[in-house]
Every structure is written in structure tokens, then in C-alpha cells.
Amino acid sequence: MKRYSTLNLPSGLEGLADLALDLRWTVRQTTDKIWEMLDPEAWEKTKNPYLILQNVSQARLEEAARDSSLIKEITSWQEKRSRLIEDPGLLGKDPQLSVAYFSMEFGLSEALPIYSGGLGILAGDHLKTASDLGLPVTGVGLLYQQGYFRQLLNQDGSQVEAFPYNDPETLPMLPAKDKDGSRLRVRINLPGRSLILRVWQVNICRVNLYLLDSNDPMNSPWDRAITANLYSPGQERRLIQEIVLGIGGWKVLEALGQEPDVCHLNEGHAAFVVLARAYSFMKKTGSSMQAALWATRAGNVFTTHTPVEAGFDRFSHSLVEKYARFYADLLGLSHSDLMNLGMAGNGNGQHKDGSLFTMAHLALSGCSHANGVSRLHGRISRRIFQTRFSRWPEDEVPVGYVTNGVHIPTWDSPAAQKLWTDACPGGCGPEGIDYWKEGIRAKSDEELWCFRAEARRDLVEYVRRRNYRQHKERGAGPEELKIARHVLSPNILTLGFARRATAYKRTDLLLKDPRRLIAILANSQRPVQLVMAAKAHPADGVGKEMVKKMAAFASMPEVSGRAVFLSDYDIDLAQHLQPGVDVWINTPRRPNEACGTSGMKVLANGGLNLSNLDGWWDEAYEPEVGWCIGDDLEHCGPKRDEEEAEMLYRRLEEKVVPLFYERDEAGIPKGWTAMVRSSMIRLTPRFSSERMMKEYVERIYQPAAVAYRKRSADGAKLAHELAAWQERLNDGWKDLRFGRLTTSREGDLWTFTAEVYLGELLPDDVRVEIYADPMPKKESRGESREGAEKHVMARLGPIAAAVNGFIFQVKVSGERPAGDYTPRIVPYHPEAFIPIEEAHILWMR
């Protein structure tokens with residue numbers, strides 16, 4: 001087997017080595033043909049270009065070099081890659097912004113199986129989009145010897161887990177080099193020993209991802225297995241993994257000579273990077289610990305993907321003390337200081353007794369910006385994190401949202417790519433998708449219907465191949481294999497349902513009434529077919545039962561040929577399933593799906609969504625673009641599941657199926673194609689990762705980078721000023737108090753006048769405000785609330801004979817009762833982010 005340095009490629013094929021190692025192009029319409037030409041069997045089984053290139057014979061390479069069509073494909077790719085690399089990108093040639101993106105998993109390609117689900121897929125799309133837009137982003141993650149499990153099915157449909165070895169020699173990556181060109185390794189301190197971490201470099205065109213790996217022969221056997229599995233079982237090994245990601249990841253950046261403006265924590269797993277970055281800043285500038293935390297926190301941002309508090313990683317104080325004490329000592333943090341960083345506080349730095357150390361709270365402690373991943377999830381996250389800001393109104397808990405998006409070139413089919421390109425004046429590429437709306441609007445019903453028919457046929461052919469292979473590997477007989485090879489029809493309404501099998505996703509809701517579902521599928525006049533996939537965590541017994549139930553349903557004679565369960569849901573399956581289905585079904589229990597991007601992947605491909613109003617669909621749904629189940633309220637209990645299963649069946653029976661089969665004289669369902677057109681036009685650009693990345697840049701990355709540079713300048717002068725301001729607040733907040741409040745009415749205005757005694761604080765250290773809760777507002781779907789009213793009260797002058805006492809006053813609209821308003825005192829500094837960085841607050845009683 002050959003490594004990169006020993007590949008001997010004939011003239012004309014030299015570009016294949018770079019292509020095999022560039023994971024930006026592992027998309028269906030770009031390079032599949034190249035690898036299929038070289039080794040169709042290996043490509044079908046592994047989807048690993050680098051493995052194919054390492055093992056293909058020299059004779060086959062020489063033969064391929066004489067294939068003009070292959071040379072044409074390679075040349076086309078090289079030209080496309082060169083154009084992308086030369087493009088100045090979103091921020092121009094001098095971007096003035098650099099980002100390090102930390103994630104526990106990355107779903108870039110089936111060739112690099114270091115992901116488990118949505119978090120990793122999102123991270124992979126994030127890096128691909130950064131490359132497309134020319135953003136200087138560096139990914140940091142872990143290389144797992146076995147990764148996440150691969151799913152097999154027993155004869156009875158029950159899930160079996162396999163953990164194949166990820167051989168680094170065959171994965172599309174290379175050993176990273178340090179600044180002097182030698183193999184890069186970094187060390188981190190564990191109790192009584194050092195842990196050596198190898199570093200690997202993965203290329204995504206203009207972006208690099210660095211993966212840390214503990215499987216070094218110099219480590220003990222137990223330590224070598226630290227990065228054996230994604231989300232390793234056991235609290236101790238899991239905590240060490242997260243220390244490796246955060247602290248080891250920062251050391252990799254230092255070794256590479258990178259000094260990012262922004263560290264983006266994709267979930268709380270990497271939160272220890274806030275300590276590593278602060279310590280590095282202390283060493284370089286000679287700053288105090290508090291000043292270093294203030295400086296670096298400005299450039300740290302945190303994205304939470306968790307819709308329930310129980311989903312956060314939590315560790316005992318003793319375990320954190322054991323493994324993080326070394327790094328806390330470097331910073332000069334006491335035991336109490338360290339634990340407070342990871343606790344749900346009361347808004348004034350105190351934590352609940354007996355609570356566990358939570359990585360998400362460590363992330364919040366060390367970041368200036370935090371966001372959820374959909375509008376609804378932002379609201380749920382503010383509710384979750386209010387324990388940390390307990391005296392602040394929920395609406396002011398400092399967690400915003402950036403709704404996720406998908407990297408369209410990764411998830412659209414060749415047919416969809418052609419349709420969008422043809423619809424774009426001048427034949428623009430994927431980066432211009434926001435401007436293609438008019439072209440899609442101009443497409444005729446016949447063009448859209450033929451496009452969807454081609455996509456459905458492509459899916460059917462793929463399902464047949466994969467289903468046949470799946471049955472053959474399970475030892476099926478000739479008759480069963482014959483049936484497996486001929487499942488589904490390219491002319492039938494096709495439903496898709498693929499999920500992680502777990503209770504809150506209600507993966508088996510579609511099967512609540514099997515007989516009703518059979519009647520829908522087996523209708524001879526208006527037939528329907530269903531493609532399913534699901535994986536359950538190895539420790540999730542409920543999820544495993546769901547998998548078994550789905551597989552058993554697909555094997556029922558009554559739905560033979562109409563229902564298929566495909567095992568081992570992965571990127572390759574998703575790249576065929578989402579583009580091919582007519583309707584994507586999703587049934588989470590609101591509000592437990594943070595975002596859910598699988599339904600977004602059907603948009604550019606002309607598929608429609610039928611889903612609960614949860615995650616992204618809560619903000620995307622309109623009757624013209626798809627269907628919804630349930631309402632925008634939170635329900636629980638088996639009775640509600642029964643009700644929503646009934647709604648799901650009725651939507652299919654009364655809305656979806658009839659619309660698909662209502663044809664005109666030419667055989668075209670114009671009502672269906674109208675909905676397809678509306679969905680593609682309205683939703684595709686809105687839920688693309690290009691829109692997502694631009695929002696991150698404008699709303700989070702650039703403000704964070706500017707704040708970090710300000711606080712770091714002039715020997716961290718501003719950071720020291722902020723640290724001193726916070727110290728004054730901590731010492732003096734207890735002495736703040738309100739005196740009298742008077743209220744008067746003058747025409748249409750209320751005048752509020754308050755006496756405030758500041759104790760030892762300076763008047764400019766705080767801001768006095770008058771606050772009123774949001775007013776209820778009725779909307780077309782559910783009830784929302786207008787924003788809260790906050791008015792800054794002006795300081796008129798001192799209170800007679802008082803020490804550091806002042807009179808504050810404000811005039812507000814008289815539309816609301818005076819009793820709606822309450823004075824409060826909050827911290828104020830023009831360069832601080834309130835309340836995420838300073839959460840003191842005092843309300844007038």
C-alpha cells in the first residue's frame with residue numbers, strides 16, 4: 001500500500017493525489033466518476049478515494065492515463081479548484097479575521113468516519129462553507145481509532161454494533177508537520193504523566209482540519225485508547241477526551257504558529273480551550289489571570305446544540321479536580337474558582353451546592369457570545385441557562401441563535417445541480433444560489449416534474465443496490481436476494497424517514513398504527529412507498545427497540561416492495577436518500593429537536609417536508625411549502641403521541657397523497673409542482689450554510705474579533721481596565737440600594753424619578769434603567785411576545801447631603817400602566833458584553 005509520498009502517478013493523473021486528499025470535493029456530482037472508473041467495487045464499498053489510489057495497480061493507472069474522458073474529468077476538477085482557491089472570498093484578500101473551530105466530531109465524508117450524527121455533519125458543512133467563502137477557518141478535532149459504531153441487523157431486525165478500525169494509513173489525511181518540518185506531536189499533562197498526541201492534517205480545499213490522536217506507542221495502553229471511540233463510555237475517559245480537544249487542540253494551534261482571533265466551540269466539549277487560551281495569553285503578555293480571561297473571552301464563542309439540560313456533559317468535582325488541577329494552578333485558580341466556572345450560578349458567581357461541573361457552563365463562563373441553532377432553540381436555551389442568570393428576565397439571558405444551514409453542493413444530486421445551474425443566468429456556481437430564485441420560478445411544471453422523476457429513479461436504483469448488498473451480507477437466499485434487487489418503483493410517491501433512534505425523536509411514531517400505514521402504502525390506486533433508516537446508541541435500549549420495530553415492519557409481506565429499511569445510516573445513504581424522496585417526514589417531540597438539518601437537505605432537491613413544528617421547521621413552515629403536524633405548544637405523554645400519529649396519518653391520507661396524484665391531461669400534478677417550486681425558491685437559500693456562515697461572520701465572528709483585538713492591544717490595557725471594573729463591582733455591589741421612587745403623569749408620558757445610593761461604586765460603573773416585561777402579541781401561529789421595554793434613566797444630580805447618592809429620571813410612553821415598570825441597576829462598561837460577562841443585577845423592591 002502506497003502513501004502520498006510514494007504514489008507514482010502517470011502523466012495526466014498527477015492531480016489525483018490532491019483530489020483524493022481534498023474532502024471538499026467528496027460530493028456526488030463532482031468526482032464520483034473518476035473513482036468509479038479506477039475501481040468501481042472499492043468505490044461502491046468504501047467511498048474512499050485515497051484508499052483506491054493507494055491500492056490501484058500501476059497497470060490500471062497507465063490504462064486510465066490513456067482514457068481521454070477520465071483526463072477531461074480530472075482537468076475539469078483542477079480548473080474548478082483553482083478558480084475557487086484564487087477567489088478572494090467573502091472578506092476579500094485581507095480578511096482581518098481568523099477562526100479556530102473546535103468540534104468533537106466532523107462529518108466530511110464517508111471516507112473519514114469520525115462522526116455520529118447531526119453535530120458532526122453540521123461541523124463538516126461548516127468547514128466546507130468556510131472554504132467556499134474563503135474564510136480563514138481552521139478545524140480542530142479528534143481522530144478516533146474506531147470512531148462511532150457501524151450498524152448491522154440480525155435476522156430478527158435487532159441492531160448489532162461493529163467497531164471497525166480506522167487505519168490512519170488509509171484515511172484521506174497526512175501527518176501534520178510543525179514549523180521545522182518534522183512530524184507534529186503535542187503533549188498535555190495528566191496526573192503523574194504526560195500524554196503524547198499525534199496530529200493529522202485533513203484538507204478541505206482552502207481550509208485545514210487538525211485531528212489529535214492518542215494512539216502513540218510512547219503512551220501506556222490505557223492512554224493509547226483515550227481516542228479509541230467517539231464519545232467514549234465512562235466519565236473519566238470522556239473528560240480526558242474533552243481536555244485533549246480543548247487544551248491539546250490549543251497547543252496544536254500554537255505549534256503551527258496560528259493565533260486565531262476567534263475560537264468557536266461547537267458544543268461545550270471543547271470548553272477547556274478557554275483555560276488554555278487564557279494561560280497562553282498570560283505567558284505572552286505578563287497579564288494577570290483576570291485580565292487574561294477578560295482579553296481572551298472576547299474572542300471565544302459558544303454554540304449549543306442541546307435542547308435539554310440533561311444533555312450537557314457533566315462531571316463530578318473530584319474528577320475535574322483530578323484532571324484539570326494542573327491547568328487551574330497555571331492560571332492561579334483556586335478550587336472554588338475552577339468549580340464556579342462550570343456551575344449554574346445565581347447570577348452573582350455563586351453556585352448550587354452538590355451540582356456537577358457542566359461543560360456548557362464552562363463554555364459560557366469563557367465566551368463573549370453564545371447561540372442556539374434555530375429560533376425556537378434559542379428561546380429554549382435561554383430557559384435552560386436562566387439558572388446562570390437567575391435574576392435576569394428570560395428574554396435577556398445572553399443566548400441568541402443562528403439557524404443551521406446545509407452545504408448545498410454536498411447534498412444536492414447531479415440532477416439538482418444541473419437544474420439550478422441551468423436556471424442561473426450565465427451558469428453560476430453553488431455560491432450564487434441566493435440569486436437563482438427567478439430562474440427556478442421560470443421553470444415549467446413539466447421541467448420540475450421530470451426533474452423530480454429523475455431524482456426518484458436515481459434513489460430507487462441506489463436503494464436496490466444497497467438493499468441487495470445488505471441482504472447478501474446477512475446470508476440471504478436466492479429468492480430473498482431477487483426480491484431485494486427489485487424493491488420500490490420509480491413512479492410512486494416516495495416517503496423518506498431516517499433518524500437517530502431515540503425517545504424524543506419518536507422514531508417509531510409513523511408505525512403507531514401499522515395497519516393504517518399498510519393501507520396507505522398498499523393502496524392500488526394511489527400507491528406510496530417508504531424508505532427508512534435509523535441507528536440507536538449502543539446503550540439506548542428504547543432506541544434499539546425502535547430500530548427492530550422499523551426493520552420488522554419493512555419485512556412484512558403486506559408491504560413487500562413498498563417499504564425498505566436500510567441499515568447503517570451514513571453520509572453516503574443521506575446523499576442519495578434526501579435528494580430522491582418526494583416527502584421527508586420528521587416527528588420529534590417539540591421542543592426537543594434543536595434544529596434538525598436532515599429536512600433542509602431535501603430543499604434544493606425539490607423534496608417537501610412533513611414535520612412537527614420543531615427546530616428549523618418551526619420558523620420555515622408555511623402552507624405553501626410543506627405540511628406540519630401538531631401545533632406550536634409543548635405537550636407530553638403517550639396520549640399526545642397518539643393524537644399526533646393520527647394527525648400524521650390524516651395529513652398523508654387527505655393532503656399529501658391526493659396532491660401527488662392529482663394530474664392534468666399531460667399527467668403532471670400541477671398542485672404538487674407548485675409546492676415544489678415554492679419550497680425551492682423560499683427555503684433553499686434561507687437554509688443554506690452560506691447564509692448561516694454569513695450570519696456567524698457578521699453577528700458573532702467579527703464583533704468577537706474586534707473586541708479581542710481591542711482588549712489585547714497596548715499590553716492588554718483594556719483587559720486590565722475591565723478586570724479592575726469587575727473587581728469594583730464584586731466588592732461594592734452589596735452596598736447598592738434604591739431610595740424613593742416617584743411617578744407622575746404629564747399628558748401621554750410617565751415620569752419616573754428614583755433615588756439611588758451607589759456605595760463605593762463610580763456612577764459610570766453601572767446603569768440605572770426602568771424595565772417592563774414584554775407584552776403578549778398574537779401572531780398567525782401561536783403566541784409570541786413583543787420585546788421588553790428598557791429605558792436608561794438619566795442622572796440628574798446628587799441627593800442632598802447624601803454620599804454618592806444620585807437622582808435618576810426617565811420619561812416613557814403612557815400607553816402602559818405605571819405598575820408595569822420597575823427600576824433596576826445593571827453593570828455598565830462600553831466594552832463589556834452584559835450580562836454574559838458580568839451578571840450582577842439589582843431590582844427595586
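View 1. At 1% relative accessibility, asparagine 605 counts as buried, where buried means under 20% relative accessible area, exposed over 50% and partly exposed in between, with a 1.4 Å probe and protein chains only. The structure shown is a predicted model, in which local features need pLDDT of at least 70 and side-chain atom pairs count only at pLDDT 80 or more, while totals for chains, interfaces and linings use all residues. Residues are numbered from 1 along each chain as its sequence is written, and side-chain values use heavy atoms, with hydrogens and water left out. Asparagine 605 lies in the loop between β18 and β19; helices (H or I, at least four residues) and strands (E, at least two) are DSSP runs, numbered from the N terminus. The side chain of asparagine 605 reaches the backbone nitrogen of serine 413 at 2.9 Å. Leaving aside residues up to four places away in sequence, asparagine 605 touches several residues, including Trp411, Asp412, Phe451 and Pro579, where contact means heavy atoms within 4.5 Å. Between the C-alpha atoms of asparagine 605 and leucine 419 there are 9.2 Å in space, although these two are 186 residues apart in sequence.

**View 2. Threonine 587 in the loop between β18 and β19.** This loop runs between β18 (583–586) and β19 (608–612), and threonine 587 is buried there, with a relative accessible area of 0%. A polar atom of the threonine 587 side chain lies 3.0 Å from the backbone oxygen of arginine 506, and the backbone oxygen of lysine 505 lies 3.4 Å from a polar atom of that side chain. Among the residues that threonine 587 touches, not counting those up to four places away in sequence, are Phe497, Leu509, Asn612, Ile629 and Leu648.

**View 3. The crossing of helices α11 and α27.** The axes of α11 (residues 289–297) and α27 (residues 689–732) come within 8 Å and cross at roughly 120°, the axes being lines fitted to C-alpha atoms over the stretch in contact, with angles that run from 0 to 180 degrees between N-to-C directions. That makes α11 oblique to α27, because angles under 35 degrees count as roughly parallel, over 145 as roughly antiparallel, 65 to 115 as roughly perpendicular and the rest as oblique. In the contact, residues of α11 such as Gln290 and Trp294 are among those that meet residues of α27, including Tyr708, Arg711 and Trp725. The residues of this contact divide into 8 nonpolar, 4 polar and 1 charged, where Ala, Val, Leu, Ile, Met, Phe, Trp, Tyr, Cys and Pro count as nonpolar, Asp, Glu, Lys and Arg as charged, and the others, Gly among them, as polar. The crossing of α11 past α27 is right-handed, a crossing being right-handed if the near helix is turned clockwise from the far one by less than a right angle, and left-handed if anticlockwise.

Terms used: A polar contact is a pair of N or O atoms within 3.5 Å; within protein, one must be able to donate a hydrogen and the other to accept it, and residues adjacent in sequence count only if both atoms are side-chain atoms.
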